[in-house]
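Open the model in your viewer and keep the selection panel at hand. The stops below are meant to be taken in order.

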Amino acid sequence: MSANSASDLPQVSDRLAKNAMRHVSERLIESVLFAAAAVSVLTTIGIVYVLVTESIHFFQNVSIVEFLTDTQWTPLFDDAHYGIMVLISGTLVSSGVALAVAIPMGTIIAIYLSEFANPKVREVAKPVLELLGGIPTIVFGYFALLIVTPLLQKIFPELPGFSLLSAGLVMGIMIVPYIASLSEDAMRAVPMSMREGSYAMGATKLYTAIHVVVPAAVSGLAASYILGISRAVGETMILAVAAGMQPNLTWNPMEPAATITSYIVQVALGDLPHGSIGYQTIFAAGLTLLLITLLFNILGQWLRRRFREAY
Amino acid sequence: MQPMTTEQIRVLIARGKLKDTVFQALGIICLAIGLLVIFLLVGDMLMRGLDRLNLEFFTEFASRRASQSGILSAWVGTLLVMLVTAAAAVPLGVAAGIYLEEYAKRNWITDIIEINITNLAAVPSIVYGLLALGIFVYTFGFGQSILSAGLTLALLILPIVIVATREAIRAIPSMIREGSMAVGATRWQTCRYHIIPYAMPGILTGVIIGLARAIGETAPIITIGALTFIAFLPPVPFTATGMDGASAGLFDWVMSPFTVMPIQIFNWTSRPDPAFEVNAAAAGFVLMGMVLSMNAVAIWLRYRMRKNIKW
């Protein structure tokens with residue numbers, strides 16, 4: 001008995017020590033994992049910090065009023081003008097063309113997949129859409145420049161080799177999978193009983209889809225459209241390849257124009273010294289881009305809260 | 001309301017059914033357009049680039065003469081950048097996912113991290129390029145290297161990896177955790193021996209989709225100022241000194257200048273000489289092959305996973 005307890009004692013303290021060690025290492029692992037999760041927050045802080053500090057340098061040289069109201073964008077010329085509206089117009093026109101394609105097509109595909117298609121079709125269609133969404137944007141740029149533009153020139157002979165129209169159309173095709181997939185998720189989340197109620201009243205599938213399912217899923221649809229808008233506004237390579245890169249204050253999609261994103265690419269391709277005013281313009285342009293996407297995201301979250309249907 | 005005759009009701013039903021059919025056709029057409037775009041793209045690039053798709057194309061550097069240009073530096077660069085991206089994004093993303101699912105308490109810090117990850121997914125990729133230009137290239141002094149590019153793309157795909165990890169972990173029933181804890185395992189041991197292995201296929205799917213996205217990203221890499229004309233390969237570790245004593249050379253390649261496939265394609269598409277279009281097509285076909293096969297592997301993995309689920 002006494003021999004036993006004597007040999008037990010060191011074992012117990014051993015185990016206690018081991019327990020304490022375990023406790024320490026558990027805490028250590030938890031903080032390492034937390035640090036990994038915090039990287040995403042650091043990324044955001046880094047983005048805001050970089051864009052804001054470089055933009056402050058920029059706005060010390062250029063007044064905000066000039067930035068917002070000037071109708072020319074020629075930061076690299078001797079007679080420098082810094083009118084961001086020139087780039088914003090290109091961004092808005094190309095995004096408008098893209099959304100005019102992507103929103104109807106995406107919504108139709110979503111309604112078809114969630115309300116009409118049988119599960120087998122859906123099993124095949126969703127991966128195909130995913131593949132479409134996974135195509136690199138540079139390849140889409142090639143597609144816009146070398147396939148879509150020549151096709152469009154057969155319809156509109158006066159269309160130039162670079163245009164917002166062909167870039168926007170291809171951008172629309174690129175965004176379709178995002179909108180279709182998110183909208184379909186939203187519509188499939190609508191409870192079956194609502195559809196059954198509608199069918200019981202004698203409504204057809206299409207009538208049910210448009211008058212029951214879509215209104216019930218409207219907050220999800222809005223969210224998918226907002227994501228589509230963010231994609232369109234932030235898309236770079238299709239525009240850099242197919243829309244030309246000359247700044248052009250226009251609302252006509254048949255013309256070539258630079259967007260915020262393609263301007264950044266154009267400057268980055270050149271060899272601008274770190275700290276020059278030209279170098280700072282791309283951060284001011286980037287900040288504008290971030291603010292536009294942020295604006296749409298806030299709008300999207302507001303829409304979602306405003307129209308959320310609870311069952 | 002006038003009661004309808006049988007004939008009128010029949011007409012009404014027929015009209016409703018017709019509308020249903022028309023809409024179904026519309027849905028199928030929209031889906032077919034997506035499929036058509038993929039076929040048109042791949043087909044066109046294959047037709048145009050077929051002449052150049054031989055072994056020399058993969059073993060030659062880019063050249064001023066279109067017919068002698070190859071993609072050696074581009075595919076090697078892509079491979080190495082992906083290596084850095086995976087090495088950074090996988091541990092960080094998986095750790096962050098585990099933290100958020102298994103460790104995080106419901107408090108405002110967790111809320112901020114979660115909102116932040118959602119918002120980061122909507123930030124345009126070119127903004128990550130600006131972040132990298134300001135932080136990695138100039139503040140950390142990594143320069144226009146493979147390391148800068150790899151880390152940039154890692155930050156870009158981090159939200160994808162985190163979301164995939166969380167979804168995979170969430171699908172594991174809580175009885176697995178309870179069983180493990182009941183036999184005295186700590187939280188980390190539960191994660192290490194149960195959660196991570198079971199979540200592995202899901203995590204892998206997310207990682208592959210993330211890397212497939214990163215491989216085609218062009219804008220952020222152009223923004224950090226990657227050169228477009230590279231006629232050399234990054235230094236191979238141990239080449240000069242053999243297997244021993246050359247540890248200094250092991251990571252020399254991460255600081256090397258580089259080019260990647262999408263930049264090579266962009267470079268070739270933006271040349272006025274149409275002879276380079278052929279090269280762009282061939283390189284685009286190779287890039288599409290990489291991206292589509294990675295996506296296909298991910299889709300197949302997910303399909304197998306759904307079939308092999310054990311609980």
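The tour goes from each chain to the contact between chains.

This is a predicted model, in which local features need pLDDT of at least 70 and side-chain atom pairs count only at pLDDT 80 or more, while totals for chains, interfaces and linings use all residues. Residues are numbered from 1 along each chain as its sequence is written, and chains are lettered from A and ligands numbered from 1 in the order in which they are written.

**Stop 1: chain A, domains**

Select residues 2-61 of chain A, then residues 85-307: these are domain 1 and domain 2 of chain A. The bounds come from an automatic or database domain assignment. Between the C-alpha centres of domain 1 and domain 2 of chain A the distance is 40 Å. Eight residues from domain 1 of chain A and eight residues from domain 2 of chain A make the contact; two residues are in contact if their C-beta atoms, placed from the backbone, lie within 7 Å. The domain 1 side of this contact in chain A has four nonpolar, three polar and one charged residues. Here Ala, Val, Leu, Ile, Met, Phe, Trp, Tyr, Cys and Pro count as nonpolar, Asp, Glu, Lys and Arg as charged, and the others, Gly among them, as polar.

**Stop 2: chain A, annotated spans**

Next select residues 88-300 of chain A, where an unreviewed UniProt entry places "domain: ABC transmembrane type-1". UniProt positions are in the numbering used here, feature names are shortened, and annotations may be inferred rather than shown by experiment. Residues 88-300 of chain A are 78% helix and 0% strand, with end C-alpha atoms 20 Å apart. Helices (H or I, at least four residues) and strands (E, at least two) are DSSP runs, numbered from the N terminus.

The unreviewed entry also gives "transmembrane region" for chain A at several spans, including 82-111 and 204-227. Residues 82-111 of chain A are 90% helix and 0% strand, and their end C-alpha atoms lie 45 Å apart. For residues 204-227 of chain A, the values are 92% helix, 0% strand and 31 Å between the end C-alpha atoms.

**Stop 3: chain B**

Move to chain B and colour domain 1 (6-51) and domain 2 (54-307). Their C-alpha centres are separated by 36 Å. In chain B, six residues of domain 1 are in contact with seven residues of domain 2. The domain 1 side consists of three nonpolar, one polar and two charged residues.

Among the spans that UniProt (unreviewed entry) labels "transmembrane region" in chain B are 146-165 and 195-215. Residues 146-165 of chain B are 100% helix and 0% strand, with 26 Å between the end C-alpha atoms. Residues 195-215 of chain B are also 100% helix and 0% strand, and here the end C-alpha atoms are 29 Å apart.

**Stop 4: between the chains**

Show both chains. In the interface, 70 residues of chain A are in contact with 68 residues of chain B. Which helix gives the largest share of the chain B side? Helix α1 (residues 6-49) of chain B does, with 17 residues. By class, the chain B side has 44 nonpolar, 17 polar and seven charged residues.

**Stop 5: one helix pair**

Select helix α5 (residues 137-155) of chain A and helix α10 (residues 261-269) of chain B, whose axes are 9 Å apart at an angle of about 20°. Axes are lines fitted to C-alpha atoms, for helices over the stretch in contact, and angles run from 0 to 180 degrees between N-to-C directions. The two helices, α5(A) and α10(B), are therefore roughly parallel, a term for angles under 35 degrees. Show the side chains of I138(A), G141(A), Y142(A) and L145(A), which meet P262(B), I265(B), F266(B) and T269(B). The contact of α5(A) with α10(B) has six nonpolar, two polar and no charged residues.

Notes. Angles under 35 degrees count as roughly parallel, over 145 as roughly antiparallel, 65 to 115 as roughly perpendicular and the rest as oblique.
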